[in-house]
Amino acid sequence: MLSARLLMFLLGPAMLLAANVASAFGLEDVEQMAKARAGKPYEAPASAPQFLRDLSYSDYQAVRFKPEASLWREGRSRFQVRMFPPGSYYSHAVTLHEVDSEGVEPINFDKANFTYPNDAFAKRVPADLGYAGFRLTFPMHKETDQEQFMVFGGASYFRGLGRDNRFGLSARGIAINTGLPSGEEVPSFVEFWLERPAGGSDTMRVYALLDGPSLTGAYRFDIHPGASTQVDVTARLFFRDKVELLGLAPLTSMFYYGKNTVRPVGEWRPQVHDSDGLLIHDGGTGEWLWRPLLNPRKLRMSYLQAEDLKGFGLMQRDTRFDQFEDLEARYDKRPSAWVETKGDWGKGHVVLVEIPTRSEVNDNIVTFWQPDGQVKAGDERTLQYTLSFGDPSIAKQPTAHATQTFVGEGNRIGGGNVEGAYRLIVDFKGGELDGLKPDAPVVSQVSGGDHVKVVEHFVEYNEPTDAWRLSMLVRPDPDADMTLRGFLSLEGKPLTETWTYQLPVGSDLRAPKE
């Protein structure tokens, strides 16, 4: 066996520390815990005191963690950790551990690490309350400035951002029966192990134990902050019970209204959303599929089939301030999120759940991968993927993409003057389109569903924005959803992603069924 002195010489201090940490704790340890739990009845985490759970969001924000109490503040690590307590939306505490070359040590709760609104409030906080989650910080812009870039907290939620983003959409460890009438099951991360990075490292590792009525899970997150933040995820799942709708690598976001919807009465902002569309890359067909989001009048679920899923994500393609005009929310800086699959995920569907909302407060968009086949009690499943947060380029899409979608009535001047029809406008930009001359023979390919008549479609160069505009006049049956697909091509070769759309009966742009 090599001595520590010889290992230090061969590997260097940083690599030796990493080797020691790896030997102290690993994913297989969390797997053993998860598998053991799966063989026992589920026990829900103990709830935080009622007065904390009753706090409004603003009152909860008045409880602040002291930055000087950050984990790893003293030392060479470029990463630091700031904890936050249960309260408001965070209904229970989680167990935290630190993993380093010395082994595994608990991260104990200390109420002195927080400032409180007043002394009376502070006295009511139990000394053993525990932490609800944690925020990771890193010098994203200047080496001397610690900035939050990732948060783990609340059920199995975690959020991330790229260097120039502000927090927006969230990822989740798992989704169970989301959108079904039977109701959604919400498993939680109940225990975390934070591996202390070697000095100067730009990568951090987190382990997590998931628990819920139907399953348990062991997770490893390898986190790489930067211009875009990447998270390499490995998950090992153990099922206690059958699951009707299994959602893997779920993303959750908010869409209130956008260019393709009616602006609510009283709203002056042009748009309000964290994400404006769902992007899918099917390696089986080579197709990139774009689906603009909607805020429906009733819950809507869409199942988008993929033969060989390579990636999917919720994107925020609108990134100019004048598209939102909101100085406080800065929706123009909200990150996109892209899931890049590893290995063969098999056949299945990308599921899109769109839930009605009357405000921007609620996350009403969920998407995830549903693999084909039934999930039974006793099943096990391993999953690997890379999740990226950043600007829309994180998808590395080579084709031209839709930059905006407009929808209006088709029975008015400039719309087509066809009773019961709708005019849809889609602008495409990027890829090979950007190098074409304005008189290039680009053609449009458009198809509708069984209950939709495509009256006309054509494409023209949009000189003011240096884009190409697809215009469609379509007439759906009065009692059917309007479904469409379209893309642009040149000499039989597709130049763009496939734009797909569904306008349901009863939406603000459609007359309700009689």
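**Cavities, cores and selected residues of the predicted model**

By class, the lining of the second largest cavity is made up of 10 nonpolar residues, with no polar and no charged ones. Here Ala, Val, Leu, Ile, Met, Phe, Trp, Tyr, Cys and Pro count as nonpolar, Asp, Glu, Lys and Arg as charged, and the others, Gly among them, as polar. The residues in question are Leu52, Val63, Pro85, Pro86, Phe109, Phe114, Tyr116, Phe121, Val125 and Leu129, and the space in this second largest cavity comes to about 50 Å³. A cavity is a set of points, on a 1 Å grid over the protein atoms alone, where a 1.4 Å probe fits but cannot get out, and lining residues have an atom within 4 Å of a point. Grid points are joined across faces, edges and corners, and a volume is the space filled by probe spheres set on the points.

Residues are numbered from 1 along each chain as its sequence is written, and side-chain values use heavy atoms, with hydrogens and water left out.

The confidence score, pLDDT, runs from 0 to 100 for each residue. Its mean over the protein chain is 93, and 94% of the residues reach 70 or more. Over residues 1–11 pLDDT stays under 50, and the model has eight contacts for them beyond four places in sequence; contact means heavy atoms within 4.5 Å. Residues 13–19 also have pLDDT below 50, with nine contacts beyond near neighbours in sequence. Where pLDDT is low, the predicted coordinates should not be read in detail.

Returning to the cavities, the structure holds two of 30 Å³ or more. By class, the lining of the largest cavity divides into four nonpolar, seven polar and four charged residues. Strands S19 (287–292) and S26 (401–409) each supply at least two lining residues, and the largest share, four residues, comes from S26. Strands are DSSP runs (E, at least two residues), numbered from the N terminus.

Attention now turns to the packing of nonpolar side chains. A nonpolar core is a set of buried Ala, Val, Leu, Ile, Met, Phe, Trp, Tyr and Cys residues joined through side-chain atoms within 4.5 Å; buried means under 20% relative accessible area, exposed over 50% and partly exposed in between (1.4 Å probe, protein chains only). Of the 83 residues in the largest such core, Phe134, Phe192, Tyr219, Phe221 and Leu387 touch the most other members. Strand S14 (residues 229–239) gives the most to this core, with five residues. A second, separate core has 34 residues, among them Met315, Ile394, Leu424 and Met472.

Val351, in strand S23 (residues 348–354), counts as buried because its relative accessibility is 0%. Between Val351 and Ser302 there are 49 residues in sequence, yet their C-alpha atoms are 5.7 Å apart. Contacts of Val351 beyond four places in sequence include Met301, Ser302, Tyr303 and Val366. Leu246 belongs to strand S15 (residues 246–253) and, at 3% relative accessibility, is also buried. Among the residues that Leu246 touches beyond four places in sequence are Ile174, Phe239, Phe368 and Arg381. His401, by contrast, is 155 residues from Leu246 in sequence and 30 Å away, C-alpha to C-alpha.

Ser388 sits in strand S25 (residues 380–390) and is buried at 6% relative accessibility. Leaving out neighbours within four places in sequence, Ser388 is in contact with Thr229, Gln230, Ser336, Ala337, Trp338 and Ile394.

Ser88, which is not a glycine, has a positive phi near 55 degrees. Ser88 lies in the loop between strand S2 (80–84) and strand S3 (95–100) and is buried, with a relative accessible area of 13%. Glu325, likewise not a glycine, has a positive phi of about 60 degrees. The loop that holds Glu325 runs between strand S21 (309–315) and strand S22 (336–341), and at 32% relative accessibility Glu325 counts as partly exposed.

Notes. This is a predicted model: local features need pLDDT of at least 70, side-chain atom pairs count only at pLDDT 80 or more; totals for chains, interfaces and linings use all residues. On a 1 Å grid over the protein atoms alone, a cavity is a set of points where a 1.4 Å probe fits but cannot get out, and a pocket is an open set with protein on both sides within 12 Å along at least five of seven lines; lining residues have an atom within 4 Å of a point. pLDDT is the predictor's confidence in each residue, from 0 to 100.
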